[in-house]
Amino acid sequence: MREYPWFDFNQVDFVTSDTHFSHARISELADRPFSTVAEMDAALIGRWNDVVAPDSVVLHLGDLALGAIAESLPLTAHLHGRRLLVPGNHDRVSPATQSKRAIERFLPMYEAAGWEILPEVIEGTRHGYRIIASHYPYAGDSQPTDRHTSHRPRGDDGIPLLHGHTHARDHGPNGHQFHVGVDAHDFAPIPFSVIDAWIRSMPGIETRLQTAVREAREVIADLDDTPPSSMDLMFFMQAFDELHMHLEELLAAVDDVEQVKGDDGQGSR
């Protein structure tokens, strides 16, 4: 069932994370092939704009810029596309590391640079398949122990998760997780078609509609297997509430399918 703020992944063309614009030590810490911060920033902007068109939509999964934020954030205004940011622990709008007062102070600076700030964890569908996106993976870190655990997605229950944070240099998929950070993808955003292919290749993957139908049938089967004599009022009400919840999810999934069909008919991305 839905647990996080809902997001339409069908609108996204590219995904990335962990650019760390103007971070003086990131080349040392993440073994990046740049001699200076200025060289890194120029390469990140150039590689971004080489692949992203001005009318594309890019989902950035956190740790956008460090250093002097008044100088590093304006650099990102040169990046192509409509830009959406899921905050990471190094972002000044991160609930994991910043106070509410600090977030209110820095939010206008991100918006002035052209960023739309999203919640820490978002979930939604892409071509009918459910996806979660967060700066943080289900498990894993660039440090020996997992940090910010209370701000991470729930435990891995099979839903594909897009994430950054680890600075791993290996490419993309790891079980139900896909690392989208620039350190693993030639310092450029990833076309979402790569994510689409990965999701469809996962064993046993279901669309949101298939999952909703299966779960609703399981609830009905449990009710059918329960002897009527044991169905006191409290049990009946609990069963009714659960069935009602699954019916709402099923109807929402059907709406998703109809929306995708409508968008396809209008020549969506």
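Where in α4 does a kink lie shortly before a proline? The kink, of about 30°, lies at F106, shortly before P108, where the bend at a residue is the angle between axes fitted to the seven residues ending there and the seven starting there.

## Basis of the model

This is a predicted model, in which local features need pLDDT of at least 70 and side-chain atom pairs count only at pLDDT 80 or more, while totals for chains, interfaces and linings use all residues. Residues are numbered from 1 along each chain as its sequence is written, and side-chain values use heavy atoms, with hydrogens and water left out.

## Helix α4

Buried residues of α4 are A102, I103, F106 and Y110 (buried: under 20% relative accessible area, 1.4 Å probe, protein chains only). The cover over them includes α3 (69–76), β4 (82–85) and β5 (115–117). Just after α4, G114 takes a positive phi of about 95°.

## The six-stranded sheet

Six strands form an open sheet with mixed pairing, in the order β1-β6-β7-β8-β10-β9; two strands pair if DSSP finds at least two bridges between them. At the edges, β1 (6–8) and β9 (172–174) each pair on one side only.

Strand β9 runs antiparallel to β10 (residues 177–179), and three bridges join the two; P173 has F178 in β10 as its bridge partner.

Key:
Helix = DSSP H or I, 4+ residues; strand = E, 2+ residues; numbered from the N terminus. Buried < 20%, exposed > 50% of the residue type's maximum accessible area, 1.4 Å probe, protein only. Contact = heavy atoms within 4.5 Å.
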